[in-house]
Each structure stands twice: as structure tokens, then as C-alpha cells.
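Here are some notes to read alongside the model. Each numbered point takes up one part of the chain.

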Amino acid sequence: MAKTIQAIRGMNDCSPTESPLWQWVETQVREVLNSYGYSEVRMPIVESTPLFARAIGEVTDVVSKEMYTFWDNDEQLTLRPEGTAGCVRAAIEHGWIYNNEQRLWYMGPMFRHERPQKGRYRQFHQAGVEVFGIANPEIDAELIILTARLWKKLGIDQHVSLQLNSIGSLEARANYRSALVAFLEQHQALMSEEEKERLIKNPLRILDTKNQALQQVLDDAPKLLDYLDDESREHFAQLCALLDSVGIAYEINPKLVRGLDYYNKTVFEWVTSALGAQGTVCGGGRYDGLVEQLGGHAAPGVGFAMGLERLVLLVQEVNASIPLKSAVDIYLVYQGEGTALAAFQLAEKIRSALPQLGTMLHCSGGNFKKQFRRADKSGATLALVIGESEMLNNQVVVKHLQGGVEQQTLDIEKVIDYIQSQF
Ligand code: HAM
């Protein structure tokens, strides 16, 4: 036998038994986004490498360590590690935001070369939202309210909590950075080599260190909120007031800075303790300088992305009452001279009349016993049976596979009405 080839580490298949839950989660996401009037966009999975370096920042972990990058002749390309950069690129390229507001969403695979573990993969899926052209805190609040509605729909709202912070303007952050570095320089003895390097390249990332000794020291570090410019302070106060007014609870986390460089003002994360170490199910914030930085006319931006693997895991963990539908509702079995034709015709008739149901035709021969085993395995509610005598009498036997109802023989014209009455 030939040697088998396996999937790449950290890149998962979605099996036929897992896909109904994925589809259900994706449907809830789409329904919520549509109910807020947002429009779907689709961008390529591959973009030119400098886009990510410029948007996300050279010294971030994502760009410096985690990107899948390759040469295509003389052009360097990267599998997208996130969706914001590509969405902004597309918006500038097609004039989606010039003098205009846009509320957009996308869903699809992203790629980061991270160490795989539960909830962290090398190919993962995000549903993301990007809003352009609105500077008010109302839209920051809308995004958070929208996600809170989604958590309710998914049945996970009791298991996620909101962390909120403002990281202010570029200038405020530069002032804060100096104060933080001066403070941290006194504690270099506690730092790993990687943290010492961060102190030079990206000191704000030290705020979310996992190093416990350093975490304790950080409780006394200068706070970013104390360095905020007046405009950011006012924006943050208004956002908090809006969230209070609709009863959305949050914790202000002064150490929350996010791992991507484009943010300013609002940053937020929805976290859970039900998934172990990879507890952030959704993260986002404002990026008012990014459109201009990537060559567009200046326009404010704000958005978020959620990790679909983490949402699916969390739903599995905490919500036992999902109305998952089997792919097959009706299974048609047939045996005997000429019955295949009758079964094909009936199956097509049902699919035309009741396209919302999954109708499967047996197709692979064998006696009725074998066919019924398949029908049971398919998860269908009804089996329709056509043998030679049924065919000659223009009839069908209807059998309830989940039990409870007597099997009956119906005239073929009455079958559609009967099926309809059962779903
Ligand atoms: P991010 O925080 O890098 O932000 O990713 C958003 C979410 O994607 C995370 O909270 C997590 O749920 C999921 N995620 C990230 N990496 C992985 C991974 N390796 N495996 C599984 N899930 C993962 C962004 O990507 C920004 N573009 C969000 C944004 C949009 N900000 C403004 N607009």
C-alpha cells in the first residue's frame, strides 16, 4: 500500500460530523451581522508581504515570527495572518471608503506559524468586522453590543467577559512607552532574553507577559490610562457610558494592549476561562491611522475578529441544546425491476417541492436490510420505500426511522403533503 500523506500540523480537517456545528455557528454570525446591516466582503488569502509588515508592524510576533511567506518569482507573498490589512487594502484599492462610511464583514481562513495546542492552530478561521469612516464612540459601542448579542445567540454569554482599555493616540503612547521603559529597566533581572529584546523593540507587549514575577512588578508600573490624551480620554469615557447604559459589563484592563501595532484609542477582548490557555475568543479595537498609513485618504477605522475554532469549542463545552439538523431528512430505498427509475423521479420531485430538506437516494444496491442499515446511519427521519408492488400500484411505504409512528403506505401523489406535515 502506498504511504499515506497527512495534514500539516496545526491545520485541521472538518469532518462530516463536525460540520453541522460549524455551519450552525457560522449561520448565527451571519444572521447577527446582517441584522445590523453590515455587508460581506471577500478578500484573497494571499497578499503581498509588505502589506502585513506595514499594517501589523515589523516588530510584532505575527510579522516577525508567524507568517507563511514565499517568493512568487520576484514578488514576496504571504498567507494572510489576519483580515484587517487585506480589508483596508481592498477598501483603498476600490474606493470603498472615500468620503463614505462602510460597515463590512468577512469570514475565512487565516494562517499563523504558532505552536499548535487546543484553541491555537496554524490554519484557523476568523469572522471579522471592519467599520470605516466613523470616529464616534457610538460605533465602538455598537461593535461590542453586536458581539454580546452573538454570544447570547450562541448560548455562551454566561461564559465570556469583556476586557476593555484605551491605548490613546500615537503621541500619548510614545510618552507612556518612555515612562514604562524607564520603570522596566530597573527590573531587568526578572526578565527572560526575549523580554529584554521586547523592552527595546516593543515594550508595551511586556504588559501581557506570562512571567509571574514580572506580572507582580507590573502592578506598580505606570498606567497607560494616566498618559491618555484628552480626546482619547473623552472617547473612552463616552464608550464606557454607552456600555453602562445598555447594561454590558466590562473590566477595564490597563495591561490590555493587543498584539498588532495598528491600534489607537479603544482596544477590547472577549475572554473565557472555559478553554484553558487560549481564552480570547474575540479581539479588536480602533485603528484611525491605518487607512492613511496604507496610502488611502485618512479615514477612521474600528473592528474586531473572532476565532471560529474557539467559538465552536466553547459552544461544544457549554451549550448542550443546539438544534443541529442532520444532513439527511429523507432516505429513499428501492429494490426490484424498474424501481430505480421510480425512486429517482420521486427524489427529484421531493427536492423540487421541499428544497429545505435533505433527500438522499440509496444508489448503491443491496437488499432492503442493507439499505435500511444505511438509512438508519444517515440520521434521516423518514425512509421512503419503493418495491415492485409499490411501483406497480403507484404507492410508497413511509417508515419513521426514529420510531414512534406506524409505517404506512401512501399514494405517490400524497407523499409530498405527508412529508411536509412531518417537518
Ligand atoms: P487577533 O487578536 O490577532 O486580532 O485575532 C482575533 C482572534 O482570532 C483571536 O481573539 C482568536 O480568537 C483568533 N485567533 C488568533 N490566532 C489564532 C490561532 N493561531 N488559532 C486559533 N484562533 C486564533 C486580529 O486578527 C485583528 N485583525 C482583529 C481586528 C479586526 N482588529 C480590528 N479589526
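1. Which residues does Thr-60 touch, not counting residues up to four places away in sequence? They are Asn-202, Gly-259, Leu-260 and Asp-261. Keep in mind here and below that this is a predicted model. Thr-60 itself sits in the loop between helix 2 (49-56) and helix 3 (61-65). Its relative accessible area is 1%, and since buried means under 20%, Thr-60 counts as buried. The side chain of Thr-60 also reaches the backbone oxygen of Gly-57, at 2.7 Å.

2. Two residues other than glycine have a positive phi. One of them is Arg-258, with phi near 70 degrees. Arg-258 is placed in the loop between strand 8 (251-252) and strand 9, and at 14% relative accessibility it counts as buried. Lys-265 has a positive phi as well, near 50 degrees. Lys-265 belongs to strand 9 and is buried, its relative accessible area being 9%.

3. Helix 4 (residues 84-93) has 7 of its 10 residues buried, so it is largely enclosed by the rest of the structure. The buried ones are Thr-84, Ala-85, Gly-86, Cys-87, Val-88, Ala-90 and Ala-91. Among the elements that cover them are strand 2 (46-48), helix 2, strand 5 (102-111), strand 6 (123-132) and helix 10 (290-293). Just after helix 4 comes Gly-95, which takes a positive phi of about 65 degrees.

4. Next, the aromatic rings. The count comes to 7 aromatic pairs. In one of these, the ring centres of Trp-151 and Trp-270 are 5.8 Å apart and the planes stand at 75 degrees; planes over 60 degrees apart count as edge-to-face, so this pair is edge-to-face. The pair links distant parts of the chain, as Trp-151 is in helix 5 (residues 137-154) and Trp-270 is in strand 9 (residues 264-271), 119 residues apart. Trp-151 is buried, with a relative accessible area of 1%, and Trp-270 is buried too, at 5%.

5. Two further ring features deserve a look. Phe-132, Tyr-262, Tyr-263 and Tyr-287 form one aromatic cluster. Elsewhere, Lys-399 lies over the face of Phe-372, at 4.9 Å from the ring centre.

6. How far apart do the C-alpha centres of domain 1 and domain 2 lie? The distance is 47 Å. The domain assignment gives domain 1 as 19-168 + 228-318 and domain 2 as 330-422.

Notes: Residues are numbered from 1 along each chain as its sequence is written. This is a predicted model: local features need pLDDT of at least 70, side-chain atom pairs count only at pLDDT 80 or more; totals for chains, interfaces and linings use all residues. Side-chain values use heavy atoms; hydrogens and water are left out. Rings of Phe, Tyr and Trp (its six-membered ring) pair if their centres lie within 6.5 Å; planes under 30 degrees apart count as stacked, over 60 as edge-to-face and the rest as tilted. Helices (H or I, at least four residues) and strands (E, at least two) are DSSP runs, numbered from the N terminus. Buried means under 20% relative accessible area, exposed over 50%, partly exposed in between (1.4 Å probe, protein chains only). A charge sits over a ring if NZ of Lys or CZ of Arg is within 6 Å of the ring centre and within 35 degrees of the ring normal. A polar contact is a pair of N or O atoms within 3.5 Å; within protein, one must be able to donate a hydrogen and the other to accept it, and residues adjacent in sequence count only if both atoms are side-chain atoms. Contact means heavy atoms within 4.5 Å. Domain bounds come from an automatic or database domain assignment.
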